[in-house]
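The structure is shown first.

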Amino acid sequence: MRGLLFATILSLVPALAGADGFFTLMGHGGPVKGIDVSHDGQAVLTASFDNSVGYWNGTTTAPRWLEGHEAAVNAVLFLGDGRAASAGDDFDIRLWDLRTGTSEVLTGHQGKILMLALSPDRKLLASASWDGSIGLWPLDGGAPRFLKGHQSNVNAVAFTADGQHLYSVSADGTLRLWDVATGAQKRRVLSHGFGINTLVLAEARGWLAYGAVDGGTRIIALSDDKVLADLTADRRPVLAMASSPDLDQLAIGDGQGYIMLVDTTDWSIARDFRAAQRGPIWALHYTADGGNIHAGGLDDAVFSWPVDDLDGGEKLASGERTFLNDPNVMSNGERQFQRKCSICHRLTGDTARRAGPTLEGVFGRRAGTVPDYRYSETLTGSSIIWGANTIDALFDLGPDHYIPGSKMPMQRITAAQDRRDLIEFLMTATEPTGDRP
Ligand code: HEC
């Protein structure tokens, strides 16, 4: 029965596999930070600020949610054997069995993990971390190794085709090459001066592209490190890059919401596309047939445009992201909520893929008791009853002091009037609607 249902969905929704017009992948409760496409093109993985990974297998509407990370997820990667990897702000890597949705955790980094790469023989996973190191994790379970040398956050890594070397870029402004077997730095390829965020390695074509904080976007020849093309535009920072499967095209996404498509045969700009009304392009990936380009930004969704009809679809961040609503039409209390809480909490209804539990009925509710939410032990073991006084204390002292050990990020609302207004707003806005199962 499930197989039959699945086959039907698959035949109705061919969009994931290739160019089939504009579409979105909706369901996350926060912005999308990372995207990967399976080798056969049938499935997509999404990494979100809402702490979860979406696994869209043949369907654009009903992903399987992979839950386990305790903070925003930044990177996702198909491992090709029915498994996937993800990594995020909780410093952890998770290896998922995509059939069961269960995961094992790989720990060792001391900082956020921004990107993952798989060695060509699929035996080694590399991780780029803000602890300044590159992790190398044997997928058969051996002990990890950490390559050290960068002076700051490592943002991206890429294996060479023979698996013997690894390129990395960092906030220290350098591009480095490492020997995978020994873990030693082979050489510092270049120093850009400003932090480098992203890279694409196209060894078959003999080039490497990188994008930096200052907007610097350069293509260098692998043979002699010479600059083949300088695509630096007047926009920054460059945040995401992807090459089409045939390597004929390079997509570059920036902090100002543009996606530039570059023809790599002559480095001409094929299209410069305003993909987001506002805000950044954090993630880019082509479909397996190169027909569509997927992007992640401020929306709780992946937007996917046909490469040859970019204007046919919608733009990112043009709709209602509540926390971007016009502040002039809101009360101060609502404004406090939209700006400081809405990205992680819903006011009513179920938790719906937010990083934090729904606030429906929070007044008079014992801490740690929303059934569809996985709390930290701090909250499940707490005797706090949420009300005007306890919520006031929470943001007067800050969660790190009031409920130390909680997963809630450190933040204080220092003005007493702002706290009062917020609480007054929450009192009515979180009244139970009875919709929650
Ligand atoms: C970046 C995400 C994030 C933001 C922003 C955030 N929270 Fe939270 N919040 C959480 C998480 C995660 C938890 C659960 C903590 C745990 O399990 O330790 C939580 C828990 C709570 C709880 C306890 C709920 C319960 O069921 O026990 C309250 C109340 C709360 N938040 C209110 C707020 C308010 C009000 C704001 C805005 C001023 C806010 N939060 C902003 C993530 C966030």
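In this predicted model, Arg122 is found in the loop between strand 10 (113-118) and strand 11 (124-129). Its phi is near 60°, a positive value in a residue other than glycine. Pro237 belongs to the loop between strand 21 (227-230) and strand 22 (238-243). As background, most residues other than glycine have a negative phi, and most peptide bonds are trans.

The ligand takes up the space of the second largest pocket. There are 24 residues around the ligand, of which Cys341, Cys344, His345, Ser376 and Met408 come nearest. By type, the shell consists of 15 nonpolar, six polar and three charged residues.

| Residue | Protein atom | Ligand atom | Distance |
|---|---|---|---|
| His345 | polar side-chain atom | nitrogen | 2.8 Å |
| Ser376 | side-chain N or O | oxygen | 2.5 Å |
| Lys407 | backbone N or O | oxygen | 2.8 Å |

The iron atom of the ligand has His345 (NE2) and Met408 (SD) as its protein donors, at 2.0 to 2.4 Å. These two residues link distant parts of the chain, 63 residues apart: His345 is in the loop between helix 2 (332-340) and helix 3 (377-380), and Met408 is in the loop between helix 5 (399-402) and helix 6 (416-429). The arrangement around the iron atom is octahedral because its six donor atoms subtend angles of 74 to 179°. Ideal angles for six octahedral donors are 90 or 180 degrees.

How values were computed:
Residues numbered from 1 in each chain as written. Predicted model: local features only at pLDDT ≥ 70, side-chain atom pairs only at ≥ 80, totals over all residues. Heavy atoms only, no water. Near = heavy atom within 4 Å. Polar contact = N/O pair within 3.5 Å; in protein donor to acceptor, adjacent residues only side chain to side chain. 1 Å grid on protein atoms, 1.4 Å probe; cavity = no way out; pocket = protein on both sides within 12 Å on 5 of 7 lines; lining within 4 Å. Sits in = over half its atoms within 2 Å of the grid points. Nonpolar A, V, L, I, M, F, W, Y, C, P; charged D, E, K, R; others polar. Donors = N, O, S within 2.8 Å, 3.2 Å for Na, K, Ca; no water. Tetrahedral: all angles 85-135°; square planar, octahedral: opposite > 155°, others 65-115°. Helix = DSSP H or I, 4+ residues; strand = E, 2+ residues; numbered from the N terminus.
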